[in-house]
Amino acid sequence: MRFLLPLIAALTLGSALAHTEVTSVTPAANARVTALKTVTLTFDEPINLRFSTFKVVPLPAGADVEKTVAAALARKDDAAMRADTAPKLTGMAARVRLPLHAGLKPGAYLIVWHILSDDGHPVSGHSVFRVG
């Protein structure tokens, strides 16, 4: 019995400290698409959209993906260079849809996100898809 309490505490603490994860991205990583209207990210739990950043940006040929991700997340007032329509997102949601501009040019695009996990830790990620 005296071993049961620490075990329960450890299991409870472990689940409380779990970071929010992306469970799916549409289009899937490295997918090739033609006519795409939205990008969708699904998380394993609702996130506060007020403290989240989501962007879809062109990925220039030969560009370093990690540097492009960092630059995209750091940039402000970049609506003109984005492939998504830069929607204002509020509230809590486990699914985020980013409308895209019509007629994306052929090439690679980068989906980037930065969220605040329920446990207070920031979680960032990215995915690449291709048009054409």
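Let me start with the hairpin that strand 6 and strand 7 form, which has five residues between the two strands and, in its turn, G120 with a positive phi of about 95 degrees. What I call strands and helices are DSSP runs, numbered from the N terminus, with at least two residues of type E for a strand and at least four of type H or I for a helix. Please keep in mind that this is a predicted model, in which local features need pLDDT of at least 70 and side-chain atom pairs count only at pLDDT 80 or more, while totals for chains, interfaces and linings use all residues. Residues are numbered from 1 along each chain as its sequence is written, and side-chain values use heavy atoms, with hydrogens and water left out.

How many aromatic pairs does the structure hold? There are two, and the one I would like to show you is formed by Y109 and F129, which are stacked at 5.7 Å centre to centre with 20 degrees between the planes. For the cut-offs, rings of Phe, Tyr and Trp (its six-membered ring) pair if their centres lie within 6.5 Å, and planes under 30 degrees apart count as stacked, over 60 as edge-to-face and the rest as tilted. Because Y109 lies in strand 6 (residues 107–116) and F129 in strand 7 (residues 122–131), the pair ties together parts that are 20 residues apart in sequence. Y109 counts as buried at 6% relative accessibility, and F129 counts as buried at 0%.

F129 leads us on to the largest nonpolar core, which has 23 residues, and in which V39, L41, F54, V56, I111 and F129 touch the most other members. Such a core is a set of buried Ala, Val, Leu, Ile, Met, Phe, Trp, Tyr and Cys residues joined through side-chain atoms within 4.5 Å. Strand 3 (38–48), strand 4 (53–59), strand 5 (92–99), strand 6 and strand 7 each supply at least two residues of this core. A second, separate core of nine residues includes V57, L73, A108 and V128.

Turning to strand 3, seven bridges join it to strand 5, and the two run antiparallel; the bridge partner of L41 in strand 5 is V96. T40 also lies in strand 3, and T40 is buried, with a relative accessible area of 13%.

Finally, which residues of helix 2 are buried? In helix 2 (residues 65–74) they are T68, V69, A72 and L73, and they cover an arc of only 130 degrees around the axis (taken from the directions from the helix axis to the C-beta atoms), which puts them on the same side of helix 2. The face turned away from that buried side carries the exposed residues E66, K67 and A74.

How values were computed. Buried means under 20% relative accessible area, exposed over 50%, partly exposed in between (1.4 Å probe, protein chains only). Two strands pair if DSSP finds at least two bridges between them.
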